[in-house]
Amino acid sequence: MNLKLYKSFLGAFILLVNLSCKNNTSTVIDKDTIKPNVVVIYLDDLGYGDLSCYGATAIKTPNIDNLALGGVKFTNGYATSATCTPSRYALLTGMYPWRNKDAKILPGDAPLLIDTKQQTLPKMLSKAGYQTAIIGKWHLGLGSGFVNWNETIKPGPNEVGFDEAYILAATQDRVPTVYIENGNVVNLDKSDPIEVNYKKNFEGEPTAKSNPEMLTMKWHHGHNNSIVNGIPRIGYMKGGEAAKWSDVDMADHFLSKAQDYIKTHKEKPFFLYYAMQQPHVPRTPHPRFVGKSGMGPRGDVILEADWCIGEFIKTLEDEGILENTLIVFSSDNGPVLNDGYFDDAVEKLGNHDPKGGLRGGKYSLFEAGTRVPFITYWKGEINPGVSDAIICQMDLLASLADLVGVNEKSTDSKNFLNTLMGVSDKGRDHLIIEAKSNTALRSGDWIMIPPYKGQSINKKVGTETGYSLEYKLYNLKNDIGQQNNLAKENPEKLKELIQIFENLKQ
């Protein structure tokens, strides 16, 4: 056998060995020749048990299920945080949000949370030659203190690495209720300027309290300020009538923008952060989906989101780029039913368990706050399967850096590319999770929650917070529902985890 043939044979043999070994330590991707498109599909308040591929029986999500069947479904996939802004900060910066004291749920007029000098996922991919875009929910602040919505708004997504940005500033339930494209409000009429205030109303402007007859959706708590499209919001807004979005068309609108982006950017590698708004409140399914789930608007918008994802993937396929696109699917935090509006989410829940057997939910230090659906899919490249590895959205930065050949070690992000690709079972040894600035430790099969003052139940939303004045220690392998506190039974393990926790927090 000549040398050239021998090397060819040897290379093929090594590749086969790597593909068959779930615990290898070297990636099987040829980073010199393969630069896939990268799409992060990020849902909002979707729970661990809200998908049929994660065990739901009362609701069917076939398009997301197809991603799970053809990719890696992680059973221990985490957002860093049990609320939206901190999780999104960690996803894009690779940093623990508790390191930034301002990484909390932001109002719609908050300044930009990410320092423009920080490393970010889009910046890193830009260095590797990628086009970058965000379409959907932002909620990481805009501007530097005071936002003039009638001029170009800077800094924002474009200043932290996104070449293109088509966003809503915060959340669907917060003002301003307008789309913003590359810093400019879409369809703004300068003769009808936008004013926003989160502290006081503008004289003569109707609110949910002063004009309840204008409402098409009734508020439960916190959502009783300005009314847009019959829906009461958080915060006060005046003007901008021509620019206001249509809530029931929002999912279709973002889908169309995402489809247009990939059609016009398919000639070069791209990174698309497709940040969907479902199933966050207000839940406003398009009429096509109203009543389809039998669980009220919350179930309907989950079906709507699944349909959007199916249409998006069809577009990748039609454009001939599905097989060169890595898709990461996840959610920013766990589920919540009544999050400020009366919309039958509680009354029509039936046998559905959005938590998937976990304890807690959005705003909680218990598992359902941060353990979320997490799927990686790359047709023809990823080894399909189910992984129990502990993986975090924060780790995408370092992992994708390895994929595209960028040396990145400046953040809290860790490289688990092989795990995401389904060729390794290696995950994090330790992960600090966070809920409303309080933190806990996941370590192997264990989770330790330190003592915190505060109510054990968030009464407004009906979710357990995880707060108490005693340490809590759970073995998740034996007790996924966190019913048996082993802190007193296992003081040595508790002491060990407290030490690890304190060392990691330094």
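I began with β15 and strand β16 (residues 438-443), which run antiparallel and are joined by 6 bridges. Here two strands count as paired if DSSP finds at least two bridges between them. Helices (H or I, at least four residues) and strands (E, at least two) are DSSP runs, numbered from the N terminus. Isoleucine 432 has leucine 441 in β16 as its bridge partner.

Before going on, I noted that this is a predicted model, where local features need pLDDT of at least 70 and side-chain atom pairs count only at pLDDT 80 or more, while totals for chains, interfaces and linings use all residues. Residues are numbered from 1 along each chain as its sequence is written, and side-chain values use heavy atoms, with hydrogens and water left out.

Next I traced the whole open sheet: 4 strands in the order β15-β16-β17-β20, with antiparallel pairing. β15 (430-435) and β20 (472-475) are at the edges with a single partner strand each, so one side of each has no neighbour in the sheet. Neighbouring strands here are turned by 20° against each other on average, direction ignored. Helix α9 (residues 491-504) lies across β15, β16, β17 (446-449) and β20, at about 120° to β16. Axes are lines fitted to C-alpha atoms, for helices over the stretch in contact, and angles run from 0 to 180 degrees between N-to-C directions; contact means heavy atoms within 4.5 Å.

Then I turned to the other open sheet, which has 10 strands in the order β6-β5-β4-β3-β11-β1-β12-β13-β2-β14 and mixed pairing. Its edges are β6 (184-185) and β14 (385-392); each has a single partner strand, so one side of each is left without a neighbour in the sheet. Strand β3 (residues 131-137) pairs with strand β4 (residues 164-168) in the parallel sense over 5 bridges. Helix α3 (residues 84-93) lies across β1 (37-43), β3 and β11 (270-275), at about 170° to β1.

I also looked up threonine 75, which sits in strand β2 (residues 72-78). Is threonine 75 buried or exposed? Threonine 75 is buried, with a relative accessible area of 15%; buried means under 20%, exposed over 50% and partly exposed in between (1.4 Å probe, protein chains only). Leaving aside neighbours within four places in sequence, threonine 75 is in contact with Tyr48, Arg371, Val386, Ser387 and Asp388.
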